[in-house]
Amino acid sequence: MILSLIVCGVTCIAMILSILFFPKIKLGKISIDTYWLITLLGAIILLACGQADIGTVGQALVSDTAINPVKILVLFISMTVLSIFLDELGFFRFLAGVALKRAKTGQKKLFFYLYVTVSVLTVFTSNDVIILSFTPFICYFAKNAKINPTPYLAAEFVAANTWSMALIIGNPTNIYLATACGIDFISYLKISIVPTVLSGVVAFIALYLLFRKKLATPIEGEAEEVIIKDKLSLWVGIVHLAVCTILLAIGSYINIEMWLVSLCVVGSLFIISGVIAIVRRQKPCALLGCLKRAPYQLIPFVISMFVLIVVLNEQGVTSAIGALFGESLPVLKYGTASFIASNLINNIPMSVLFSSIMQSTGGVAGTSAVFATIIGSNIGALFTPIGALAGIMWSNILNKQGVKFGYLDFLKIGVTVAIPTLITALGSLRLMLMIIV
């Protein structure tokens with residue numbers, strides 16, 4: 001057990017240090033993220049030292065259970081690809097431009113429209129894709145309009161990581177935790193919607209109070225004119241996203257697993273878009289963009305973290321932590337612990353760890369623990385840049401754009417926005433559980 005704890009601890013610490021100080025390594029013209037290489041190395045060391053049976057790990061990867069990481073990865077990557085397809089066609093930039101036009105010269109209106117736009121899009125797509133799409137656009141517009149980009153960047157990031165709680169598909173941590181515990185699309189939505197709406201409103205109020213003085217000056221520039229040239233492909237993408245969302249909602253009633261739904265929809269998208277490209281005798285640029293931008297690095301990362309958790313589970317560590325938590329006050333304990341743990345080891349490793357810890361907790365306490373952990377994994381992203389991969393990607397984009405947004409700036413938003421948002425979300429979750437469960 002001691003060796004397993006040491007290797008897992010060192011792996012997590014090294015992963016965080018890599019994110020902070022050497023996030024990428026270059027091999028010629030190829031740039032590789034270091035965080036997944038470190039977790040992969042940790043998993044290999046544990047298996048090589050005999051801390052877990054390779055056969056047991058292999059069986060877990062192909063088992064027909066909700067906690068199967070391969071199914072979860074298929075679901076997340078498929079949903080991400082649907083969002084990337086729309087982004088490649090300029091859909092998100094177009095909507096951002098519409099919001100900016102409606103705001104005209106008023107920064108307060110712009111702030112509100114941007115927050116609402118990002119919130120709505122995040123609910124039906126993915127917080128990571130929205131952040132990757134909107135952040136460069138906000139930096140570009142703020143520079144041309146001669147306004148401070150900080151309030152809008154903060155609004156975008158907070159909205160994307162708060163409203164991502166609404167649907168099971170909004171965040172990879174939602175997908176992992178909910179599917180691992182056998183929670184279907186509708187059951188998830190019934191409990192998550194009220195905490196998401198209330199915490200989203202509180203987050204907006206906190207942001208507005210924080211930046212109201214900076215929003216007083218008028219906008220001098222104009223919104224970028226975004227023209228979507230391939231409207232047919234755009235409608236193909238929108239229809240596929242809508243169909244996928246509907247099928248995910250009714251999947252549990254017609255006995256179709258979510259990963260299979262998303263995979264089939266993406267397969268249909270590629271076939272139809274490919275046929276359109278062939279008929280037009282053009283390159284399928286949007287599809288090529290999807291293949292290039294898909295988050296492949298999550299595959300070795302999640303599987304490696306899964307191996308680490310299997311080892312800890314076999315050594316009895318996760319069950320010991322679960323016994324320490326107990327079944328009293330699960331919303332408070334799991335919500336607070338997951339929020340803190342997300343900012344120590346990142347929210348995806350935290351979710352993998354907590355899904356194993358919660359296996360011994362059943363009934364109302366188990367349901368409470370799952371949703372509290374989901375809240376902690378989403379809102380935990382708002383406290384420090386380490387809290388989620390979205391925060392790491394967001395910080396990297398800002399550095400490339402020449403926008404100064406340091407650790408202390410992030411922490412300021414974390415203290416003033418994340419904490420009241422977390423309290424609201426956990427409080428409303430407790431109320432919903434009393435009513436529904």
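Modeller: Leu329 is an exposed residue, with a relative accessible area of 55% (exposed means over 50%, buried under 20%, and partly exposed in between, with a 1.4 Å probe and protein chains only). The model is predicted, so local features are reported only at pLDDT of at least 70 and side-chain atom pairs only at pLDDT 80 or more, while totals for chains, interfaces and linings use all residues. Numbering runs from 1 along each chain as its sequence is written, and side-chain values use heavy atoms, leaving out hydrogens and water.

Leu329 belongs to the loop between helix 15 (317-325) and helix 16 (330-345); helices are DSSP runs of H or I with at least four residues, numbered from the N terminus. Although Leu329 is not a glycine, its phi is positive, at about 50°. Most residues other than glycine have a negative phi.

A second residue with this feature is Arg281, which is not a glycine either and has a positive phi of about 60°. Arg281 sits in the loop between helix 12 and helix 13. With a relative accessible area of 80%, Arg281 is exposed.

Arg280 pairs with Asp230 in a salt bridge whose closest N and O atoms are 2.9 Å apart (a salt bridge is a side-chain nitrogen of Lys or Arg within 4 Å of a carboxyl oxygen of Asp or Glu). Because Asp230 is in the loop between helix 10 (185-211) and helix 11, and Arg280 is in helix 12, this pair ties together parts that are 50 residues apart in sequence. Arg280 is itself partly exposed, at a relative accessible area of 33%. Across the whole structure, the search finds 5 salt bridges.

Another of them joins Arg293 to Asp87, with 2.8 Å from N to O. Here Arg293 is in helix 13 and Asp87 is in helix 4, so that distant parts of the chain, 206 residues apart, are linked by the pair. Together with Glu88, the residues Asp87 and Arg293 form a network of salt bridges.

Helix 4 takes part in a further bridge through Lys71. The partner of Lys71 is Glu257, and the closest N and O atoms of the two are 3.1 Å apart. Glu257 is in the loop between helix 11 (231-250) and helix 12 (258-280), while Lys71 is in helix 4; the pair therefore ties together parts that are 186 residues apart in sequence. Lys71 is buried, with a relative accessible area of 12%, and Glu257 is partly exposed, at 38% relative accessibility.

Leaving aside residues up to four places away in sequence, Ile379 touches Asn161, Met165, Phe339, Ala418, Thr421, Leu422 and Ala425, where contact means heavy atoms within 4.5 Å.

Note on methods. Helices (H or I, at least four residues) and strands (E, at least two) are DSSP runs, numbered from the N terminus.
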